[in-house]
Amino acid sequence: MEHWFTDLFLAFTGWLVGLGLSPVLADAALLIIKWIIIVAIIILNIIILIWLERKISAFFQERLGPNRLGPFGAFQTIADALKLMTKEDIVPSAADKLIFKTAPMLFIVVSVLLYSVIPLGQDMQVLDLNVGILFFISIGSLSTIAILMAGWGSDNKWSLIGAFRSVAQMVSYAVPLAFSLLGVVMITGSLNLQDIVAAQDNVWFIVLQPIAFITYFISATAELNRGPFDMPEAEQELTGGAYTEYTGMRWALFFLAEYTNLVAVSALMATVFLGGWQGPWLPSWLWIIIKTYAVILVFFWIKWTFPRIRMDHLMSFSWKILVPVSLANILLTGAGIYFFQGMGWC
Amino acid sequence: MQGTGLLKGLGVTLKHFFQREITEQYPDVMPELPERYRGCLQYDFKKCIVCGICINTCPNDVLSMETEKVENSKKKRLLSYTIDFQYCMFCNLCVEACPASCLYFNQNFELSVYNRDDIRMVYLRPADMVDTEEAANDQAEDQQQDKEQKQINAMITALNKNPQKIVAKIIAGEEEVSILAELILRDEKIAAKIAELMVKDKEKAAKVAAGFVNKEKKNRQNSDPVPKGGE
């Protein structure tokens with residue numbers, strides 16, 4: 001069971017080479033197959049996650065959630081997707097049409113790119129980059145631009161305010177996000193995610209870096225624009241933030257991208273702090289799924305517990321608390337590494 | 001310490017997560033309504049005494065009635081009673097005011113209809129219905145009769161048991177009393193007549209009783225003059 005997928009890929013490339021294809025082209029074909037699988041995973045995840053979030057938020061509020069279509073309302077998301085596809089595509093006449101139309105595409109592309117470096121199992125990775133974490137952080141920050149494009153292109157005050165908020169928030173929180181990952185990088189001495197997973201053979205980094213885990217969790221919540229940091233699309237104030245003017249599938253792409261980001265950030269958290277695909281008994285790809293979903297459930301739990309915080313509080317929390325704390329954590333980690341190496345313990 | 005409030009909040013939501021859902025699956029499962037739920041206003045035509053208090057009480061002119069004059073009488077007769085439910089605000093004033101408690105709210109809350117006119121509920125006079133007042137009078141008479149009959153029966157038994165004592169109330173003189181008592185014991189018809197009259201009209205009873213006594217005296221004089229004369 002462990003090597004199902006890797007064996008399948010090897011057999012596939014072997015088959016292509018056997019057909020007379022050069023190994024380089026066979027690898028390229030395999031890459032395409034991998035991307036298709038990633039997209040399939042993402043879409044499957046969305047269908048599950050939207051249903052799960054509706055169901056879980058309902059349980060938190062002692063409601064039942066969707067329960068009409070299919071077992072436990074499981075087909076509700078599919079029905080919603082069909083509805084969204086049949087909706088009219090409205091582009092505001094005053095909108096900057098090119099920017100307006102590119103924004104959702106850019107957002108989803110950026111979100112999908114995040115998956116390229118996440119190890120989905122032992123030897124299961126689209127790209128084994130040696131700067132995996134750096135790639136993840138930099139690509140993750142790009143989604144800010146997509147939201148800014150959406151807000152600017154819509155030519156709508158709600159959209160623009162939402163986009164501004166989003167940019168301010170994401171830029172502010174990218175700093176503690178990167179800093180909190182730095183502690184882990186210092187311990188492993190590598191930016192490669194497979195190396196980081198391998199380094200957690202004995203003990204997970206959530207034990208060695210608890211402060212980094214908490215700061216990462218908080219800044220990830222803000223990066224994802226999820227409650228209680230969902231100011232950019234605060235329904236009660238901004239009627240939908242940067243997405244106000246979007247309809248049908250364009251809006252659905254934003255929605256899709258948000259959940260894609262959620263899974264990616266949770267998967268990174270599972271990889272960096274919770275031992276990645278490592279775990280007993282079960283195959284590695286199942287472990288990463290279990291851990292990612294556990295993190296996602298905590299995200300849901302937090303979203304449906306806390307009220308939205310104020311914009312200025314949000315900013316001051318990032319710059320006055322999270323950044324100093326994560327910097328102090330780096331200092332502490334460095335001192336610890338120096339101390340342990342001096343003692344000859346590692 | 002900072003942050004304990006957040007943990008407390010998470011604890012609250014977690015507790016609710018495992019609690020039972022309070023959603024009512026309404027069209028599938030009907031909700032359990034409280035006993036005094038104000039659903040649809042109902043009207044009982046047969047109980048109504050047509051006092052009109054409900055119509056005067058209603059703040060929204062929901063209620064109205066149609067009456068006709070009864071021939072050869074000052075009385076009116078209720079023809080139809082209308083509840084124009086679209087204006088009802090469920091204040092319950094009419095229900096509280098109704099002395100015959102013929103207005104009441106039931107538990108039906110599914111009040112939507114396809115036509116605006118269907119909201120008005122018109123209660124027409126049932127075909128088999130007699131005048132409420134006549135019926136009431138009849139009933140009263142019946143009751144009165146029942147009551148009298150009972151009294152008479154009681155009187156008859158009392159007379160049979162102890163005639164002298166009761167007869168003494170309507171007739172004077174020891175001889176007369178004893179004669180009447182004898183008569184009552186001997187003849188059931190006389191006993192019944194006396195008893196009935198005593199319940200209904202004591203003066204008449206006294207006269208009749210005196211008549212019976214006189215007749216009996218004459219009968220006795222006529223039937224056995226010899227022994228009397230012989231003495």
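**View 1. Asn192(A) sits in a loop between two helices of chain A.** The loop that holds Asn192(A) runs between helix 6 (157-188) and helix 7 (193-199) of chain A. Please keep in mind, here and in every view that follows, that this is a predicted model. Is Asn192(A) buried or exposed? With a relative accessible area of 9%, Asn192(A) falls under the 20% cut-off and therefore counts as buried. Leaving aside residues up to four places away in sequence, Asn192(A) touches Asp128(A), Leu129(A), Asn130(A) and Gly132(A).

**View 2. Helix 11 of chain A covers residues 248-273.** How far apart are the end C-alpha atoms of this helix? They lie 37 Å apart, which agrees with the 38 Å that its 26 residues should span at 1.5 Å a residue. Of those 26 residues, 21 are buried, so helix 11 of chain A is largely enclosed by the rest of the structure. As a reminder for anyone tracing side chains along a helix, an α-helix has 3.6 residues a turn, so residues three or four places apart point the same way. After helix 11 of chain A comes Gly275(A), with a positive phi near 85 degrees.

**View 3. Chain B meets chain A through 14 residues of its own and 13 residues of chain A.** Together the two chains bury about 1300 Å², and carbon and sulfur atoms carry 63% of that area. Which residues of chain B lose the most area to chain A? They are Leu10(B), Phe17(B) and Glu21(B), which together account for 40% of what the chain B side buries.

**View 4. A salt bridge joins Asp28(B) to Arg68(A).** The two side chains meet at 3.1 Å, N to O, and the count of salt bridges between chain B and chain A is one. Seven residue pairs are in polar contact between these chains, with both residues at pLDDT 80 or more.

**View 5. Chain B is built from nine helices and five strands.** To follow chain B along its sequence, read the elements as α-β-α-β-β-α-β-β-α-α-α-α-α-α. Chain B has 231 residues, and 26% of them are buried. What share of the contacts in chain B with a separation of 6 or more comes from residues 24 or more positions apart? Such pairs make up 68% of those contacts.

Definitions and conventions:
Residues numbered from 1 in each chain as written. Chains lettered and ligands numbered in written order. Predicted model: local features only at pLDDT ≥ 70, side-chain atom pairs only at ≥ 80, totals over all residues. Heavy atoms only, no water. Contact = heavy atoms within 4.5 Å. Buried area = accessible area lost by both parts, 1.4 Å probe. Salt bridge = Lys/Arg side-chain N within 4 Å of Asp/Glu carboxyl O. Polar contact = N/O pair within 3.5 Å; in protein donor to acceptor, adjacent residues only side chain to side chain. Helix = DSSP H or I, 4+ residues; strand = E, 2+ residues; numbered from the N terminus. Expected span 1.5 Å × (residues − 1). Buried < 20%, exposed > 50% of the residue type's maximum accessible area, 1.4 Å probe, protein only.
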